[in-house]
Amino acid sequence: MKKFVVVLFCFFATNAFASSADSGKCPWKLPFTITVNGVGNTLNGESSRTPDPVRGGYVDDDTNYWTFNSNANFSIRVDTTYHPGIYASTTFSLSSDVLSYTFMVPLDSLPPSSYPIYQMNTLTITFAPGTDSIISMTGVAIDTSPSTQNFQYLQTSQIIDSFKILSLNFDDTSIFTTDSSFSEHTISFSERSFQDQYYGQNYYDYTNADFTASSVTLSGIFRPATFSDPPSIVTETPQPNNLAIYASNGSIACSFDVSDHARDLEIFSPLGIREASFTVSPGQTGASLPHLPAGFYFVRLGSSLAKMYIAN
């Protein structure tokens, strides 16, 4: 069962105290990491040219196909003290409520005799002036690896991850939201990758994959949160008992007004089948709900009714 769960740098040293964004200082301690895990669909493509041993010449093969419920992930570590090699560079700034970070190992600066590797991570966060909120966050991670190169054989590969999310809150330790709607935060996460192998004399193999996420789980400096549509939990407007459904420590719970008598809390399927029932004691104002399969449910307490959705 999917549960509702519900990067930045500065001019200070890594152990600097956190502060508000509009102070001109980083609101979090360094280093920190943003981690994105996505679930969605991938369009795969394969193209090859190989020798035909029977008729001579070449055989060309082009294929496209979908992989559903696939996944992709990437992370960006914001660390201004990390310099793994002589060619690596780190740039950062926090100006006009925009934080920018780039880590890069350029391909063309590496010795020609080496197996060149190119990597670039960028993170941009735009703060809302005067508030503890974020207008937008964008992250891009690029890895290019020409691993083998000579006169007869060439292999190259590249992976590009792109992530964007809007409307976030933050405090001095983490970034968070009050809901788990994928679309309301205009979230996008894609991964494009390819591998090209050329053997000379027009023999080649080429594969590519375009992944698009339909839900994402964020962690690292984020308070762990899974965003999907519909959200992991959807509740209707509380009724007389102020019955509400919410996430609590990785499980699903509900809260309600106090009463001086015992009450029955019941969970029904959309077909009216009672899936669970237990007694709420006098004076009790909350309860954890049992594990349930994915789907819509109705929670009833007296004359109050709330609807919830549990994602896969």
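Guide: Asp171 counts as partly exposed, at 24% relative accessibility; buried means under 20% relative accessible area, exposed over 50% and partly exposed in between, with a 1.4 Å probe and protein chains only. This is a predicted model, in which local features need pLDDT of at least 70 and side-chain atom pairs count only at pLDDT 80 or more, while totals for chains, interfaces and linings use all residues. Residues are numbered from 1 along each chain as its sequence is written, and side-chain values use heavy atoms, leaving out hydrogens and water.

The structure holds seven salt bridges, each a side-chain nitrogen of Lys or Arg within 4 Å of a carboxyl oxygen of Asp or Glu. Arg223, also partly exposed at 39%, is the partner of Asp171, with the closest N and O atoms 2.5 Å apart. Asp171 is in the loop between strands S8 and S9 and Arg223 in the loop between strands S11 and S12, so the pair ties together parts 52 residues apart in sequence. Strands are DSSP runs (E, at least two residues), numbered from the N terminus.

Asp60 and Arg49 also meet through their side chains, at 2.8 Å, N to O. Asp60 belongs to strand S2 and Arg49 to strand S1, eleven residues apart. Asp60 is partly exposed at 45%, and Arg49 is partly exposed at 23%.

A further salt bridge joins Arg300 and Glu266, again 2.8 Å from N to O. Arg300 sits in strand S18 and Glu266 in strand S15, so parts 34 residues apart in sequence are tied together. Arg300 is partly exposed at 35%, whereas Glu266 is buried at 10%. Shared partners join Glu266, Arg274 and Arg300 into one network of salt bridges.

Note on methods: Helix = DSSP H or I, 4+ residues; strand = E, 2+ residues; numbered from the N terminus.
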